[in-house]
Structure formats: structure tokens, C-alpha cells
Amino acid sequence: MEKLVEVKNLKKWFWIGKSPLGKKIAVRAVDDVSFYVGNKEVLGLVGESGCGKTTCGKTILRILNPTKGKIYFNGQEITHLRKKEMIMLRRKMMIIYQDPFGSLDPRMTIGATIAEPMEVHKIGSKKEQEERVIEIMEKVGLLPDQINRYPHEFSGGQRQRIGIARALATNPEFIVADECVSALDVSIQAQIINLLQDLQKEFGLTILFVAHDLSVIKHICDRVAVMYLGKIVETAPKRELFNNPKHPYTQALLSAIPIPDPKLRKKGQILMGDVPSPVNPPSGCRFHTRCSYVKTVCREEEPELKYFENNHYVACHLFSNPVDTNLSGAAK
């Protein structure tokens with residue numbers, strides 16, 4: 001598969017102060033992450049709140065500058081591009097924010113909001129921009145006669161459609177959808193997800209879909225990357241991950257998906273303890289403090305992301321080769 005976006009050993013640390021001994025203290029939001037998003041692919045980035053998913057997405061877009069590592073877009077390294085050089089790329093890389101209301105300027109009409117990226121990048125004349133705005137509004141399910149209304153006059157689902165329209169204004173190649181349905185009602189979530197699927201197919205978009213809801217991920221994504229405390233612990237094609245999850249953390253996440261049938265009972269895996277602090281993450285495997293299958297090596301050595309069958313990668317000491325996929329016999 002041709003890679004549109006690729007990150008290698010990406011780190012994003014936030015410096016928050018110094019210890020009494022003068023050592024710098026950092027929140028390790030994204031800590032040595034490597035993955036790619038294929039051309040016209042939807043990659044799901046999933047994990048608990050606070051694991052670094054949103055920070056990772058924003059760093060890839062250079063909304064946040066990386067602490068270390070490399071970011072490639074269409075084969076070009078963009079890690080250290082200057083502001084003027086990044087402006088040329090911005091029209092190809094857009095974001096849909098989580099909060100459909102907070103991401104919109106209440107003083108601007110939705111027509112002006114959707115047209116703003118085109119004005120910034122000097123795309124087309126005023127008339128062409130207005131025609132493009134109306135065209136995109138119709139694509140996302142908004143009426144052209146709503147063009148002069150303000151964000152407060154719309155529902156949450158409609159405001160998210162406005163956010164999607166704004167992201168599409170410059171005809172981008174890559175979009176980061178940052179928890180874009182988590183703030184919406186379940187019925188509205190389904191509408192927005194179906195809309196994104198239709199737009200992805202129509203425009204040939206490449207999407208990094210950030211979410212914590214695996215049922216949403218299962219519906220829209222082609223591949224899934226599972227993130228825990230700033231690290232990627234497993235990546236696989238969607239069907240492979242849901243049918244054959246290997247990492248204990250992934251198994252716990254999947255066991256928490258509710259089944260919409262009262263006759264079926266599902267025993268979920270309850271993770272013990274709290275997520276460790278990204279300021280002082282555990283040594284070795286970061287998941288070992290909550291893992292039921294922890295071994296001595298898990299506490300001492302950080303596992304590498306290793307390849308298994310079917311384009312499946314796992315970072316776990318429980319698997320030394322592709323046939324070690326049964327956790328039932330793992331040492332505790």
C-alpha cells in the first residue's frame with residue numbers, strides 16, 4: 001500500500017517544570033511512536049482518554065511541533081519545515097475537531113466559516129468561493145439558505161457537519177478526525193459516520209480517525225492502531241484485530257464493547273488499577289502495572305512492535321513468535 005502519511009519514532013513531550021534537583025519534568029504525551037496511513041485509507045487510532053491520541057494527530061499536522069522523530073507527508077519530510085513552507089501544505093492537511101461548538105467562531109456566519117480556509121490559501125475568487133461553499137454545504141447535508149446563519153442556530157450534529165464542510169473546503173488529501181462523534185447523540189453519531197464514509201469514498205480522502213469507541217472504529221476504519229500511555233501496542237487490519245486481538249490491553253478494550261442483546265451475557269475483562277502518569281511512566285512495558293499476564297521481563301524491558309501474520313504488529317513480551325497467540329497459558 002502506498003503511504004501518504006508516515007511517522008517514525010515520533011515524540012511530543014510537554015515540559016512542565018523542574019524537580020528539586022533541577023531536572024526537567026515532562027509529560028510524555030507521545031513517546032516514540034511509529035506508524036503509517038496508506039493512501040485513501042482510514043486508520044483508527046484508539047485508546048483510553050489521556051493516552052496521547054489527539055496530541056499525536058495534532059503533531060502530525062504540525063499544529064504542535066514534535067519534540068523528536070520524523071513526519072512524512074507524500075514522501076516529503078515535514079518535521080522541520082518553516083511556517084511559510086507549512087502554509088503551502090496546510091490546504092492538503094485538515095482537522096475535524098471534537099467539540100462541534102467550541103471549534104466554530106460564534107461571530108462568523110457558517111458561510112464565512114467554511115470559506116475561511118479558501119481565503120487564507122487564496123483559492124478562487126469571491127464568487128468561486130461562494131459557489132464552493134454552497135456545493136460543500138449540500139454535500140454534508142446542509143441547506144444553501146442556511147449560509148448566513150450563525151453556529152448557535154444549529155444543533156450539535158449540524159455544527160459538526162459545518163466543521164466537516166470547513167475541513168473539505170480546500171479539497172485536502174488528509175484529514176485528522178479528532179473524536180468527531182464523541183460529543184454527539186448515538187443516533188446522530190451514526191449519521192455523521194455514514195456521512196464521513198460517503199465523503200471518503202467520493203473524494204478519495206485519507207483519514208486518521210481518532211476515537212475511544214471501538215464500535216465506531218469497527219464501522220468506519222480499514223486498519224486500527226491501539227495506543228496506551230503514549231505508545232502504540234498493536235496495529236492490524238480491522239477484521240484481524242477484532243477477530244484475533246493479541247495484546248492484553250486490546251483484549252480488555254474489546255471485551256468492554258456492549259452487545260445490544262439482553263439475552264446474551266458477556267464477561268468483560270476488568271483492568272486493575274489506574275492508568276500510570278505520563279510524567280513518570282513505568283519501566284519496561286507500560287501496561288505491566290495493569291496486566292494479568294505480567295512476567296519479570298515485562299517490568300524490565302520495553303517490548304518492540306513485532307510483526308505477526310496478516311499485517312499484524314504487537315508490542316508484548318508474551319509473544320516470541322507468530323504462533324504464541326494464546327494467553328491462557330502465559331505465566332502470571
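Author: A crossing counts as left-handed if the near helix is turned anticlockwise from the far one by less than a right angle, and as right-handed if clockwise. The model is predicted, so local features need pLDDT of at least 70 and side-chain atom pairs count only at pLDDT 80 or more, while totals for chains, interfaces and linings use all residues. Residues are numbered from 1 along each chain as its sequence is written, and side-chain values use heavy atoms, with hydrogens and water left out.

Reader: At roughly what angle do the axes of helix 3 and helix 5 cross?

Author: Helices (H or I, at least four residues) and strands (E, at least two) are DSSP runs, numbered from the N terminus. Axes are lines fitted to C-alpha atoms, for helices over the stretch in contact, and angles run from 0 to 180 degrees between N-to-C directions. The axes of helix 3 (residues 110–120) and helix 5 (residues 156–168) come within 7 Å, and they cross at roughly 30°.

Reader: Is helix 3 roughly parallel or roughly antiparallel to helix 5?

Author: Angles under 35 degrees count as roughly parallel, over 145 as roughly antiparallel, 65 to 115 as roughly perpendicular and the rest as oblique. The crossing of the two helices is right-handed. The angle given above makes helix 3, relative to helix 5, roughly parallel.

Reader: Which residues of helix 5 do Ile-110, Thr-113, Ile-114 and Pro-117 meet?

Author: Contact means heavy atoms within 4.5 Å. In helix 5, these four residues of helix 3 meet Ile-162, Ala-165 and Arg-166.

Reader: What is the bridge partner of Phe-73 in strand 5?

Author: Strand 4 (residues 68–73) and strand 5 run antiparallel and are joined by two bridges. Within strand 5, the partner of Phe-73 is Gln-76.

Reader: Is strand 10 largely enclosed by the rest of the structure or largely open?

Author: Buried means under 20% relative accessible area, exposed over 50%, and partly exposed in between (1.4 Å probe, protein chains only). Six of the seven residues of strand 10 (residues 231–237) are buried, so relative to the rest of the structure this strand is largely enclosed.

Reader: Which residue takes a positive phi in the hairpin of strand 9 and strand 10?

Author: Six bridges join strand 9 (residues 223–228) to strand 10, and the two run antiparallel. The hairpin has two residues between the strands, and the positive phi, near 50°, belongs to Leu-229.

Terms used: Pairing = 2+ DSSP bridges.
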